[in-house]
Amino acid sequence: MSEVGGVSGVGGVSGTGAAGTTAVEPAPGPTRPTVVVDDVHVEYRVYASGRKVKDQDARRRRGAGVRRARTVHALKGVSFVAREGEAIGVVGHNGSGKSTLLRTIAGLTLPSRGAVYAEDNPALLGVNAALINDLSGERNVMLGGLALGLTPAEVRERYDDIVAFAGIGEFIDLPMRTYSAGMSARLRFAIAASVTHRVLLVDEALAVGDAEFQRRSEERIKELREAAGTVFLVSHSMKSIRDTCERALWIDHGELRADGPAVRVVRAYERHVKRLRDEGRA
Ligand SMILES: Nc1ncnc2c1ncn2[C@@H]1O[C@H](COP(=O)(O)OP(=O)(O)OP(=O)(O)O)[C@@H](O)[C@H]1O
């Protein structure tokens, strides 16, 4: 993370044993940062066709058919540091900015202000991963594997495991357009999870499978974490967040409302949702 001056130095805590004495084991410090999100703002420009202008002159002045732009401020000054070995859940209401946060960390959406510094190329593993619906599952495994930086030989080596993990049986020979939403999402997860990423971003993938698939994906996330990676998990399932992550971020209307132990953040978020429900606002 060369752009982050000074940040990579905060992980290690060096021993300070006095001369002539036995070296003192360094106290266990925080692990190395893998992602630094620094005051990130994301604004989308949304174009909508405006009201029809009846008056001809006004129409000419305003330009007939010119669409008016509106700005959606999806992230508003979000900052945090993620570290090696952490699994971080991201919770929040619909439209709060969770997917935008993941897309920004992955470098797919550019911040309008602020910056993201990441070690390695964070891989976004979501239901949106670019596969081609007219190709068979088998061709898509090759395509997805190559897109993740594997060689053709490496993809072939992992092929059977990927197909078994996705659990889509003989459908693997059929075009992906014949798959149910759950089947194609499981295949996307299986392809992306076949590579040990340093930073893995998972968007709702766990919600797509049955209980058995969810158990396997949670296990895989744990393995990736133990391989000293950092995993971000966006989910509306508070159980998945609690079972998989020890830390959670709560995004509320684009702002980071809480960052702390998953159990506490989830509890606070659930209380908030209940309060809104009680007040008839959710
Ligand atoms: N490509 C886009 N163009 C314009 N606006 C967008 C775009 N993507 C997201 N938004 C808007 O940005 C805000 C945050 O959206 P985002 O998808 O990040 O929320 P989310 O928390 O992931 O929602 P959900 O839980 O429903 O998936 C919303 O108001 C959404 O309408």
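Trainee: Is Asp 39 buried, partly exposed or exposed?
Mentor: In this predicted model, Asp 39 is found in strand S1. A residue counts as buried at 20 or more other C-beta atoms within 10 Å, and as exposed at 12 or fewer. Asp 39 has 13 such atoms, so this residue is partly exposed.

Trainee: What is the phi of Asp 39?
Mentor: Most residues other than glycine have a negative phi. Asp 39 is not a glycine, yet its phi is positive, near 50 degrees.

Trainee: Where is His 253 found, and what is its phi?
Mentor: His 253 lies in the loop between strand S8 (247-252) and strand S9 (255-261). With 14 other C-beta atoms within 10 Å, His 253 is partly exposed. Its phi is also a positive value in a residue other than glycine, near 45 degrees.

Trainee: Which element gives the largest share of the shell around the ligand?
Mentor: The residues around the ligand include Tyr 44, Val 46, Val 72, Ala 74, Lys 98, Ser 99 and Thr 100. Two or more residues of the shell come from each of strand S1 (33-48), strand S2 (68-83) and helix H2 (98-105). The largest share is three residues, and it comes from H2.

Trainee: How many residues of the shell around the ligand are charged?
Mentor: Gly 92, Asn 94, Gly 95, Ser 96 and Gly 97 are among the residues that surround the ligand. By class, the shell has seven polar and four nonpolar residues, and the number of charged ones is one.

Trainee: Which helices do the buried residues of H3 pack against?
Mentor: The buried residues of helix H3 (residues 137-147) are Gly 137, Asn 140, Val 141, Gly 144 and Gly 145. They cover an arc of only 135 degrees around the axis, which puts them on the same side of H3. An α-helix has 3.6 residues a turn, so residues three or four places apart point the same way. The buried residues of H3 pack against helix H4 (152-166) and H5.

Trainee: How far apart in space are Ser 240 and Arg 215?
Mentor: Ser 240 has its place in helix H7 (residues 238-244). Ser 240 is buried, because 22 other C-beta atoms lie within 10 Å. Ser 240 and Arg 215 are 25 residues apart in sequence, and their C-alpha to C-alpha distance is 9.6 Å.

Trainee: What share of the residues of the protein count as buried?
Mentor: The secondary structure comes to eight helices and nine strands. Among contacts with a separation of 6 or more, 68% join residues 24 or more positions apart. Of the 282 residues, the buried share is 35%.

Trainee: Over which residues is the pLDDT below 50?
Mentor: The protein averages a pLDDT of 80, and 78% of the residues score at least 70. For the complex, the predictor gives an ipTM of 0.97 and a pTM of 0.75. Where pLDDT is low, the predicted coordinates should not be read in detail. The stretch with pLDDT below 50 has 27 contacts beyond near neighbours in sequence, and it covers residues 2-27.

Conventions:
Residues numbered from 1 in each chain as written. Predicted model: local features only at pLDDT ≥ 70, side-chain atom pairs only at ≥ 80, totals over all residues. Near = placed C-beta within 6 Å. Helix = DSSP H or I, 4+ residues; strand = E, 2+ residues; numbered from the N terminus. Nonpolar A, V, L, I, M, F, W, Y, C, P; charged D, E, K, R; others polar. Contact = placed C-beta atoms within 7 Å. pLDDT = per-residue confidence, 0-100. Arc of directions from axis to C-beta.
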